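Grab a pencil and let's work through a protein together.

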Amino acid sequence: MAKKDTATLENQAPAPAVTGSAQGQPTASTASASEPAAQKNDVKAGGPPSGFYIYLGPTIRGLIQANTIYRGDRAHALAEAKEAIEKYPLIKTLIVPGDYLPVARLRIKTPGNALHANYTRLVEQVKDGRRKEAAANG
């Protein structure tokens with residue numbers, strides 16, 4: 001299903017009115033034509049229409065749990081996971097919008113894309129960190 005089909009009516013910007021173009025009169029001004037585009041960008045910047053982000057990486061004990069849901073926009077999600085991101089920066093790439101969730105779950109399992117590569121790199125980093133801790137402790 002196309003992303004356009006899943007958008008709500010609130011998120012769709014009205015089309016600019018075209019007046020008099022057939023009679024050779026000027027059409028809508030460029031400022032008013034760019035307003036709907038600006039409104040669309042504001043909606044995207046505020047977060048996905050679904051209103052949540054989800055962490056699709058592995059569970060890292062004491063830091064972050066797999067499939068953690070963050071309500072709100074991306075900035076809020078990253079702020080909530082700040083401690084984990086500071087220790088493992090790849091976590092930031094594995095926090096995806098709710099609208100992208102079905103595609104992201106498939107891509108994480110499929111080799112040959114950034115989500116899969118970041119997931120496997122993060123798993124290796126966590127394992128290496130545990131090995132170093134074990135060596136230091138015992």
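Two strands pair if DSSP finds at least two bridges between them. Helices (H or I, at least four residues) and strands (E, at least two) are DSSP runs, numbered from the N terminus. This is a predicted model, where local features need pLDDT of at least 70 and side-chain atom pairs count only at pLDDT 80 or more, while totals for chains, interfaces and linings use all residues. Residues are numbered from 1 along each chain as its sequence is written, and side-chain values use heavy atoms, with hydrogens and water left out.

**Exercise 1. Work out how the strands of the sheet are arranged.**

Step 1: list the elements. The chain has six helices and three strands, and from the N terminus on they run α-α-β-β-α-α-β-α-α.

Step 2: At the edges sit β2 (69-71) and β3 (95-97), each pairing on one side only.

Step 3: zoom in on one pair. β1 (residues 52-55) and β3 share three bridges in the antiparallel sense, and Ile-54 has Val-96 in β3 as its bridge partner. What holds such pairs? Strands of a sheet pair through backbone hydrogen bonds, either parallel or antiparallel.

**Exercise 2. Describe helix α6 and find its buried residues.**

Step 1: check the length. Helix α6 (residues 114-137) has 24 residues and spans 34 Å from first to last C-alpha, close to the expected 34 Å. The expected span is 1.5 Å times one less than the number of residues.

Step 2: look at the start. There, a side-chain oxygen of Asn-113 comes to within 3.2 Å of the backbone nitrogen of Leu-115.

Step 3: pick out the buried residues. Buried means under 20% relative accessible area, exposed over 50%, and partly exposed in between (1.4 Å probe, protein chains only). In α6 the buried ones are Leu-115, Asn-118, Leu-122, Val-126 and Gly-129. Here's a handy rule: an α-helix has 3.6 residues a turn, so residues three or four places apart point the same way.

Step 4: see what covers them. The cover includes β1, β3 and α5 (101-109).

Step 5: zoom in on Asn-118. Asn-118 counts as buried because its relative accessibility is 13%. Leaving aside neighbours within four places in sequence, Asn-118 is in contact (heavy atoms within 4.5 Å) with Leu-90, Thr-93 and Leu-94.

**Exercise 3. Say which residues have the most contacts inside the largest nonpolar core.**

Step 1: know the term. A nonpolar core is a set of buried Ala, Val, Leu, Ile, Met, Phe, Trp, Tyr and Cys residues joined through side-chain atoms within 4.5 Å.

Step 2: name the residues. The largest core has 24 residues, and those with the most contacts inside it are Tyr-55, Ile-60, Ile-64, Tyr-70, Ile-91, Ile-95 and Leu-122. At least two core residues come from each of β1, α3 (74-80), α4 (82-87), β3, α5 and α6.

Step 3: follow one residue. Beyond residues up to four places away in sequence, Ile-64 touches Tyr-55, Pro-58, Thr-59, Tyr-70, Ala-81, Ala-84 and Ile-91.

**Exercise 4. Compare Gly-57 and Asn-67 in the loop between β1 and β2.**

Step 1: check burial. Gly-57 counts as buried because its relative accessibility is 3%. Asn-67 is partly exposed, with a relative accessible area of 39%.

Step 2: check the backbone. Asn-67 has a positive phi of about 65° although it is not a glycine. Most residues other than glycine have a negative phi.

Key. Polar contact = N/O pair within 3.5 Å; in protein donor to acceptor, adjacent residues only side chain to side chain.
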